[in-house]
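This report describes how side chains pair and where an open space lies in one protein chain. Please keep the sequence and the structure at hand while reading.

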Amino acid sequence: MMPGGATDVSLPYDVDELIAQARAAQKVLRPHLAEFEALLTDPRTYFDRALALFREEEFAPLCFSVEQVQAALEALNRSAPDDELEGGEVPELVMDVVMEAADRKYRRRAACLLLSLLPKYVAAQRHIDAWIIYVSAFQALEVNDSLTPFLQLMLYLSFERIKQAMEALQAQMLRDLNLDPAGAAEMTPEELTARFCERLGAPDGEAWARGLLEGWPVARAWVEGHLALVESEAPSLFEREDARHLYLSAREARPWMRAFNESMQPLLAAMEQVLQGSGPTAETIRQVTDSALNMAGEAAAKLFTRARIQRLAAQLLDYGERLSRAGETHAAGVARGLGLALADVEDPESSLALRMLCYYSFSSFGSEALWGPDRR
């Protein structure tokens, strides 16, 4: 999903007619050349004047589309700058993106469109603007490695469009969660995650998330950030009785049970002491639990091949679909979120969801149950 895009500069032109128009315009504009040259001596003033001109609707097709600029940025492994591109200041990024996006075909079509608009501005007696158009048309045709003022202006306006598209997309994503910026700013990460899960658990939740994940980078980053937070909700899902079909099989778990039971002994002892009103603090219990989860991480690294992860991700998405149909939107959102997040996991040991699944699987068996025949 790419928000916003400029019209392609692919209109038909009669080149001979354009040249004739340009010659006629030059004769009308010649008395105003000195005024135009005076403007050129002040690069900042020229930049601002040209920028205001090219913001007019007629010139919209000259801008690189959001898609073009984003493709160029991705090819260069760069991101759009936050700061404005000041007149006379040419960051390396600007040069790189223009060289990537402004190919010979774009430049020729841009020159043709500029020349086609020239008579209109001459007739309106906007002589200085007409000079800007005239000069820009020939700057557009330059195909060397220099960044002309015209191309710098076009890229400035393109980055401006990207910023506007980003703001619109971010506003839409908040509206998808029934939030406004002020409301979102007041919510805790946990509250935002819960709202995200509710949206993801709606009947069209998976399609909605996939649309964002397959779209513009800002949307992908937004969804991926929320999916990372959904992992913290994994216990609420794996503790459900109807989630046990997600657990490891006895055959998978068997080699790890002795180590898991040994890792759990300090935790059981710590909990017993706390219940008796003495002994370790909650922090100590957390540390022991982390130790058991680390052991579960070692198991996840061995058990979860790429194929095994993909199978689990499909199970989670199917489970989420069933929960959504049953009206359990929050649980459905957690299941779908975990399924989508796991699709890109490369290091199983670092995945909290996989560690938690191993932990709950091992806990569900217990040593006696495990040593019997495989039940699955």
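R49, E56, R126 and D129 are joined in a network of salt bridges, a salt bridge being a side-chain nitrogen of Lys or Arg within 4 Å of a carboxyl oxygen of Asp or Glu. The model is predicted: local features need pLDDT of at least 70, side-chain atom pairs count only at pLDDT 80 or more, and totals for chains, interfaces and linings use all residues. Residues are numbered from 1 along each chain as its sequence is written, and side-chain values use heavy atoms, with hydrogens and water left out.

**Salt bridges**

Side chains of opposite charge can pair when their charged atoms come close. By the rule given above, the count comes to 15 salt bridges. Three of them are set out here.

| Salt bridge | N to O distance |
|---|---|
| R55 and E160 | 2.7 Å |
| K120 and E58 | 2.3 Å |
| E321 and R325 | 3.5 Å |

The side chains of R55 and E160 meet in a salt bridge. This pair links distant parts of the chain, for R55 lies in the loop between α3 (43–54) and α4 (66–76), whereas E160 belongs to helix α8 (residues 149–176), 105 residues apart. Helices (H or I, at least four residues) and strands (E, at least two) are DSSP runs, numbered from the N terminus. R55 counts as partly exposed at 45% relative accessibility, and E160 is partly exposed with a relative accessible area of 23%. In these terms, buried means under 20% relative accessible area, exposed over 50%, and partly exposed in between (1.4 Å probe, protein chains only).

The side chains of K120 and E58 also meet in a salt bridge. This pair too links distant parts of the chain: K120 is in helix α6 and E58 in the loop between α3 and α4, 62 residues apart. K120 is partly exposed at 46% relative accessibility, and E58 is partly exposed at 28%.

E321 and R325 form a salt bridge within one helix, α17 (residues 306–325). Because E321 and R325 are four residues apart in this helix, about one helical turn separates them. E321 is partly exposed, with a relative accessible area of 30%, while R325 counts as exposed at 58%.

**Aromatic pairs**

The structure holds 16 aromatic pairs. One of them joins Y359 and Y360, which are edge-to-face, with 5.6 Å centre to centre and 80° between the planes. Rings of Phe, Tyr and Trp (its six-membered ring) pair if their centres lie within 6.5 Å; planes under 30 degrees apart count as stacked, over 60 as edge-to-face and the rest as tilted. Y359 is buried at 13% relative accessibility, and Y360 is buried at 14%. Elsewhere, ring pairs link F36, Y46, W131, Y134 and F138 into a cluster.

**The second largest pocket**

A pocket is an open set of points on a 1 Å grid over the protein atoms alone where a 1.4 Å probe fits, with protein on both sides within 12 Å along at least five of seven lines; lining residues have an atom within 4 Å of a point. The second largest pocket has a volume of about 280 Å³, a volume being the space filled by probe spheres set on the points, which are joined across faces, edges and corners.

Its lining has 13 residues, of which V15, I19, C112, L115 and L141 lie nearest the centre of the pocket. Helices α1 (15–29), α6 (104–123) and α7 (127–140) each supply at least two lining residues, and α1 gives the most, with six. The lining divides into 10 nonpolar residues, one polar and two charged. Here Ala, Val, Leu, Ile, Met, Phe, Trp, Tyr, Cys and Pro count as nonpolar, Asp, Glu, Lys and Arg as charged, and the others, Gly among them, as polar.
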